[in-house]
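This report describes the fold and selected side-chain arrangements of one protein chain, moving from overall figures to individual elements. The sequence and the model come first.

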Amino acid sequence: MKEFLVWWIGIEAVGLAAFPLTYAFFRWLPDRGFAFSKVVGLLLLGYSLWMGATVGLFPNSRLTVIGLLLFIAGLSLVVAVRYREEMAAFLRAGWRYVVFIEVMFVAVLAAAVFIRSFAPEIMWGEKPFEFAFLNAINRSESFPPSDPWLAGSSISYYYFGYVMIAAMTKLVALETNVTFYLALSLMAALAAVTGFGVVYNMIAAGRRRIEPLLARGPALIPRAVIFGLAASALMLIVSNLAGVFELLARHGVGSTGFYDVVGISGLNGPYDCAAAPGDCEAWYPTRFWWWWWATRIGSGFDIQEFPFFSFQFGDLHPHVLVMPLLITVFAIALSIVLGARDESQPGNEERAERLDALWVLHHPGRFLLLALIMGGAAFTDVWTIPVVTLMILAAVMLANWRRTGGSPLRMILDSASFALPVGAAMVLLYLPFYLDFNAETDGLSITETAMTSDRPPPASESTRPLHFLLFWSPLLWTSLSFVAVYVYSRRREILKPPLLVLSALLWALPIAVWAFLVLTQLSADLGWNPLDWQVVADPSLDQLGDELWERGVSLVTVLMLILAIAAVGLAFFHQLRRPPDERDGGQLFAFFLAGFALMMLLGAEFYFVNDPLRWRGNTVFRFWLQSWLILSIVAGFGLYRLTLGWRPPRPRLGMLSGQWLAGSGVVLGVAYTLFVALDPWDTLYSRWWTATPGLLVAGASIVAYAAAAAARDASRPQVWRRLGWLGATVAILGLALVYPVTVALERTDGFRNDQSLNGLVHVQQGEPMEYEAIEWLNENVSGVPVILEAFGGDFSDSGRISSRTGLPTVIGWLNHELQWRGRPSSDGSDTPFTERPEEVETIYTTTDVQTARSLLDKYDVEYVYVGRLEREKYGGDGLGKFREFMIPVFENEGVTIYRMPAREAAVSGSR
């Protein structure tokens, strides 16, 4: 509890220190960026620490972090003085909104920490390398940080997210084994609040046109709050539909043939509980890692994560760390769109300012912060570069189009002159990272299903329509319902040749380019270099025909995307062509986002980034996850627009309105469920069905209230349409909640597991001798001296000591290092570190002291670790030699740590 409070106070201080800056930056958003202030503050703190420690201005220390936070607060104070009257009016009018955001943030943070405390172990997946990076960065006095798994090298990875978490770790003076999952919970809370903030601002921007008082501050608009919360829930809780079939299989529903048709990898038929009782220990599935296959629907080669899976699995990976920053970029794009106004419009002329190169000179502070946020997202996860750059560029082009009233040439020239300095600043502000970063990618390649072998199987190079719907139905239904209603209700205005042609170009151009590349048989590793193009003299349709034939039923997926993109394009262009005084910035931005996400999904069917995997796995992984974030925002806003004409129920029971009754039902239902979950008397855990009434009461209250609002003052045909849509929505979202509910119960053993915030509790309990050695290393060894430990395969215990301390070892997970730095040449002429595993083995097993010393000196090894794994892997006479030339500085019954005699200064104590 104390750790949670300290962490919460720390991030509150960071957000408060940055709010005046976000107030000035997000000037066109109704909430002036308050929902994004913590993200911006964390970015500024991390960036200033990283840059200062990189160029040698100051060390990476707690005192530095505190000083930098005070510096950021000082900058904000200068801005606050300038805007003091506006900010005072803002807080007077919007204090309820401010309080709500803070309550929402701490509630989500507390809930995430509470759930995580039942499964706190930092193990499995990519967590060991993420923990290693966090510890190495936290330990390094200067940057770039030492690579904990390749002694003598710095990290060759996009590590900025870990710098931000390390800065928070130093600020609050907690251990990394605690802040690892506090950081994961923080990312969930920040994503929830920023997602809410985007939808709130989209809704409030439309309301501001008719309610001028909103310009003074963010009012707590009930509908904006409800649907902002809905967007956050769709983003972080709602999941795909794979869990439904796992639950059916757990209860023996369906045949083997049925599950073959469904085709979820790893789910081959109904559970045989008699043969495997461990799979059926509760009403929910308890089969080992059953929840993993929801992200590998087609085969083990698929990577189809969604936010709930990412947070419950617990990898503190760049794709998780970047979520709040990415959503903040969406907010910047919204601010740009809302700030545009036709030059011919009367009113505030500042709104008509040109977004061009001169904008940089007029607003240097905003320019700098824009480049910092965009570049920070790229440094946190380079896979966000396409969405970050293209989204901001598209938003600028849209704003300039609106400003000029539709002049293509002026729009292109102004947007290009704006983009060039911003793009240059994105790189220059983070130049030390790019100079040191070595990504093994060969540019963009086309997906040719007919050319694949069994690695990956052809089915994983395209998406079956059933799998596409299993994954995307919850978000596509809620977001595209809004689009479909918009297009249908205005079909006479929309279905005209110019708009039809424009919307068709959106999907036709990328497919046409792909078809051309297939027809001309371009090299698979073309990397978009025209000099590499090898056009066949007599191109044949056979290759394209083979490709289409091999895709087979997957072409239905493409057809669904084409129809969706066409509908969104029609809605977008129609809204864009409306008179300025009738144009709704929120709706326009919703169509903008929806088109962006759908184009990413379509692109992943035909193109992929040619990374070390050499297939589209990572491309689908990153772009589908980013599209999930975008579509959840569109869905939240879409639900608002679809229910805009629904009026609260009129009937009253006594003096209580239907609104109060529904709200009371939700509160009581949730309170009852939490009571069962917490169970202070420890008597209800074995009867989790007792929580069902609470969930049913809460859900039924919402549905009943929505149904009553849909039916009030509506014609009979309208009532049936609304209730039909509401029923379908409730059914789809209800099915999408099966996965998060069952996974939460399985991962926590029905919330019966022991609770802890110590990520190394499994080591403390299972290997107390090793835990004692790790604690000694963390407390007594300063800097980043090299420590030798056993080598093993990836996703094994190899590199465990360097992971848990941040001390660099000779070699950790070899395949990860090869992915980060590039694989050696096929002829073996370039193998900079692949010989290290054999040399580690030689050091441990040889009985020749000189041979061992020579290799230890080669890698500047200061400590040698001999524990359980080293004895199991290298046990023998060779382990005894270390006492002949090294000093045992730590010993217990299971572990001995040796140090080179000449390096005693690195130890502040021993026992």
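Of the 911 residues in the protein, 58% are buried, a term that here means under 20% relative accessible area, with exposed meaning over 50% and partly exposed covering the range in between (1.4 Å probe, protein chains only). The model is predicted, and local features therefore need a pLDDT of at least 70 and side-chain atom pairs count only at pLDDT 80 or more, while totals for chains, interfaces and linings use all residues. Residues are numbered from 1 along each chain as its sequence is written, and side-chain values use heavy atoms, with hydrogens and water left out.

**Overall figures**

The secondary structure comprises 37 helices and 8 strands; these are DSSP runs numbered from the N terminus, with helices (H or I) of at least four residues and strands (E) of at least two. The protein exposes about 36,600 Å², of which carbon and sulfur atoms supply 63%, the accessible areas coming from the Shrake-Rupley method with a 1.4 Å probe and, for residues, with only the protein chains shown counting as cover. Among contacts between residues at least 6 apart in sequence, 76% join residues at least 24 apart, where contact means heavy atoms within 4.5 Å.

**The four-stranded sheet**

An open sheet of 4 strands has the order β5-β6-β8-β7 and mixed pairing, two strands being paired if DSSP finds at least two bridges between them. Its edge strands, each pairing on one side only, are β5 (786–788) and β7 (887–891), and the twist averages 25° from one strand to the next; the axes behind such angles are lines fitted to C-alpha atoms, for helices over the stretch in contact, and angles run from 0 to 180 degrees between N-to-C directions. Strand β6 (residues 861–866) is mostly covered, with 6 of its 6 residues buried. A hairpin of 4 residues joins β7 to β8, and β8 itself spans residues 896–899. The pairings are set out below.

| Strands | Sense | Bridges | Residues standing opposite |
|---|---|---|---|
| β5 and β6 | parallel | 3 bridges | V786 and V861 |
| β6 and β8 | antiparallel | 4 bridges | V864 and Y898 |
| β7 and β8 | antiparallel | 4 bridges | I887 and R899 |

Y898 in β8 is also the bridge partner of P888. In a regular strand the side chains alternate between the two faces of the sheet.

**An enclosed helix**

Helix α9 (residues 242–250) is largely enclosed by the rest of the structure, because 8 of its 9 residues are buried. The buried residues are A242, G243, V244, F245, E246, L247, A249 and R250, and they pack against α10 (256–262), α19, α28 and α29 (738–748). Just after α9, G252 takes a positive phi of about 75°.

**Aromatic pairs and charges over rings**

Rings of Phe, Tyr and Trp (its six-membered ring) pair if their centres lie within 6.5 Å, with planes under 30 degrees apart counting as stacked, over 60 as edge-to-face and the rest as tilted. By this rule the count comes to 82 aromatic pairs. One of them joins W472 and W628, a tilted pair with 5.7 Å from centre to centre and 40° between the planes. This pair links distant parts of the chain, since W472 belongs to helix α19 (residues 465–489) and W628 to helix α25 (residues 617–642), 156 residues apart. W472 is buried, with a relative accessible area of 0%, and W628 likewise counts as buried at 0% relative accessibility.

The rings of W646 and W725 form an edge-to-face pair, because their planes lie at 80° with the centres 6.0 Å apart. W646 counts as buried at 6% relative accessibility, and W725 counts as buried at 16%.

A charge is taken to sit over a ring if NZ of Lys or CZ of Arg is within 6 Å of the ring centre and within 35 degrees of the ring normal. The charged end of K127 sits in this way over the ring of F313, 4.0 Å from its centre, and that of K881 sits over the ring of F882, 4.2 Å from its centre.
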